[in-house]
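Trainee: I'm new to this structure and would like a close look at one part of it. Please pick a place to start and lead me from there to its surroundings.

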Amino acid sequence: MDDLLYNIRQCSICSEHLPLGPRPIVTAHPEAKIVIIGQAPGTSVHKTGVPWDDPSGRQLRKWLGVTDEQFYDETKIALIPMGFCYPGKGKTGDLPPRPECAPEWHEPLLNKLPNIELTILIGMYSQKYYLKKEAKKTLTETVANYKDYLPKKYLPLPHPSPRNRFWLTKNPWFDVEVLPELQERVRRLL
């Protein structure tokens, strides 16, 4: 695992597309029971090198019902983005994760995580990649049908970005149904 993480952190396969240059962000350990597959680091995370070290990460930890110490304990939770580096700015936010990362690195990483009992898929990029044809037409439909994916140990979530306040307001069932299920599963595994 150490060699693989070292190789990922040295990766530069898409460096010409990265406005801030490569800085792959990932944490994993063979003992982890939970893997969180997010989108890509933002500028704050690119600066610190700490995954989810931003307002989205604080919200995610609230959703999970975990402390910072629990969240950053790589023997418990692996943090693997779809794109390992900051992809740049788009018209309405950050650009999508670079498409090179997941096909290059996810399978080797997941093969070294034999104890995973829950894979949390954050946002439509990870959901489409992992759920494939089982993903619904929209993120909202996919998250609303989260129980369909639990037998395969997947739990889809929206992105915890502060920009998604409107989505959360429009979908109150998320707080009532999905978060208690998420928190109970995380609590059991930790």
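Mentor: Let's start where K62, W63 and L64 in α3 meet F174, L179, L182, Q183 and V186 in α9 (contact means heavy atoms within 4.5 Å). By class, this contact of α3 with α9 has six nonpolar residues, one polar and one charged (Ala, Val, Leu, Ile, Met, Phe, Trp, Tyr, Cys and Pro count as nonpolar, Asp, Glu, Lys and Arg as charged, and the others, Gly among them, as polar). Helix α3 covers residues 55-64 and helix α9 covers residues 173-189; their axes lie 8 Å apart and the packing angle is about 80° (axes are lines fitted to C-alpha atoms, for helices over the stretch in contact, and angles run from 0 to 180 degrees between N-to-C directions). That makes α3 roughly perpendicular to α9 (65 to 115 degrees; under 35 counts as roughly parallel, over 145 as roughly antiparallel and the rest as oblique). The element names come from DSSP runs, numbered from the N terminus: helices are H or I with at least four residues, strands are E with at least two.

A word on the model itself: it is predicted, so local features need pLDDT of at least 70 and side-chain atom pairs count only at pLDDT 80 or more, while totals for chains, interfaces and linings use all residues. Residues are numbered from 1 along each chain as its sequence is written, and side-chain values use heavy atoms, with hydrogens and water left out.

Most residues other than glycine have a negative phi. W52, which is not a glycine, has a positive phi of about 60°. At 11% relative accessibility, W52 counts as buried (under 20% relative accessible area; exposed is over 50% and partly exposed in between, with a 1.4 Å probe and protein chains only).

Now move to strand β3, residues 118-122. Five of its five residues are buried, so β3 is largely enclosed by the rest of the structure. L118, I120 and I122 point one way from β3, and T119 and L121 point the other way. Which strands pair with β3? One is β1 (residues 34-38), parallel to β3 over four bridges, with I34 standing opposite L118. Strand β4 (residues 154-157) also runs parallel to β3, joined by four bridges, and here T119 stands opposite Y154. (Two strands pair if DSSP finds at least two bridges between them.)

Leaving aside neighbours within four places in sequence, T119 is in contact with V35, I37, K153, Y154 and L155. One of these, K153, sits in the loop between α7 (139-144) and β4. K153 has a positive phi of about 70° although it is not a glycine, and with a relative accessible area of 41% K153 is partly exposed.

One last stop is G93, in the loop between β2 (77-81) and α5 (101-111). G93 is buried, with a relative accessible area of 9%. The C-alpha atoms of G93 and E16 are separated by 20 Å, and the two residues are 77 residues apart along the chain.
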